[in-house]
Amino acid sequence: MSRTRAVVAETLGSMIREAREARQLTQEGLGDLIGMTQQAVCGWERNRARPAVKTLTDLAEVLDLDLGVLVRAVAVPLEYPRGSAPPE
């Protein structure tokens, strides 16, 4: 695995996407399993939004991910499109 790929895999969004794809789930399918929309899943995977703590618990269970790793990943700042700022 390249160094760039390793860094990308450490983001919350990448962890969610890679685990979802490994289980052959669509964004909509994952959203249905945890009571969220496809748009919400897309936002998390693109690191534009963060799931609530309860949702992190659901994601950990459905995707067989370590909850502690997900919680630590939430601490990484969100990415915003060039020229935009985080909401106040």
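At what angle do H2 and H5 pack, and how far apart are their axes? H2 and H5 pack at about 35°, and their axes lie 10 Å apart. Helices here are DSSP runs (H or I, at least four residues), numbered from the N terminus. Axes are lines fitted to C-alpha atoms, for helices over the stretch in contact, and angles run from 0 to 180 degrees between N-to-C directions.

This is a predicted model: local features need pLDDT of at least 70, side-chain atom pairs count only at pLDDT 80 or more, and totals for chains, interfaces and linings use all residues. Residues are numbered from 1 along each chain as its sequence is written, and side-chain values use heavy atoms, with hydrogens and water left out.

**The nonpolar core**

- A nonpolar core is a set of buried Ala, Val, Leu, Ile, Met, Phe, Trp, Tyr and Cys residues joined through side-chain atoms within 4.5 Å.
- Buried means under 20% relative accessible area, exposed means over 50%, and partly exposed lies in between (1.4 Å probe, protein chains only).
- The largest nonpolar core has 15 residues, and those touching the most other members are Leu-12, Ile-16, Leu-30, Trp-44, Leu-59, Leu-63 and Leu-70.
- At least two residues of this core come from each of H2 (12-22), H3 (27-34), H4 (38-45), H5 (53-63) and H6 (67-74).
- In soluble globular proteins, nonpolar side chains tend to be buried together.
- Contact means heavy atoms within 4.5 Å.
- Beyond its neighbours within four places in sequence, Leu-12 contacts Asn-47, Arg-50, Pro-51, Leu-56, Leu-70, Ala-73 and Val-74.

**H2 against H5**

- H2 and H5 make a left-handed crossing.
- A crossing is left-handed if the near helix is turned anticlockwise from the far one by less than a right angle, and right-handed if clockwise.
- H2 brings Leu-12, Ile-16, Ala-19 and Arg-20 to meet Leu-56, Leu-59 and Leu-63 of H5.
- By class, this contact has six nonpolar, no polar and one charged residues.
- Ala, Val, Leu, Ile, Met, Phe, Trp, Tyr, Cys and Pro count as nonpolar, Asp, Glu, Lys and Arg as charged, and the others, Gly among them, as polar.

**H3 against H5**

- The axes of H3 and H5 come within 10 Å and cross at roughly 115°.
- H3 is therefore roughly perpendicular to H5.
- Angles of 65 to 115 degrees count as roughly perpendicular, under 35 as roughly parallel, over 145 as roughly antiparallel, and the rest as oblique.
- This crossing of H3 and H5 is right-handed.
- Leu-30, Leu-33 and Ile-34 of H3 meet Thr-55, Asp-58, Leu-59, Val-62 and Leu-63 of H5.
- By class, the contact of H3 with H5 has six nonpolar, one polar and one charged residues.

**Buried residues of H3 and H5**

- In H3, the buried residues are Gln-27, Gly-29, Leu-30, Gly-31 and Ile-34.
- They pack against H2, H4 and H5.
- In H5, the buried residues are Thr-55, Leu-56, Asp-58, Leu-59, Ala-60 and Leu-63.
- They pack against H2, H3, H4 and H6.

**Positive phi angles**

- Most residues other than glycine have a negative phi.
- Gln-24 is not a glycine, yet has a positive phi of about 55°.
- Gln-24 sits in the loop between H2 and H3 and is exposed, with a relative accessible area of 75%.
- Asp-64 is not a glycine either, and has a positive phi of about 55°.
- Asp-64 counts as exposed, at 63% relative accessibility.
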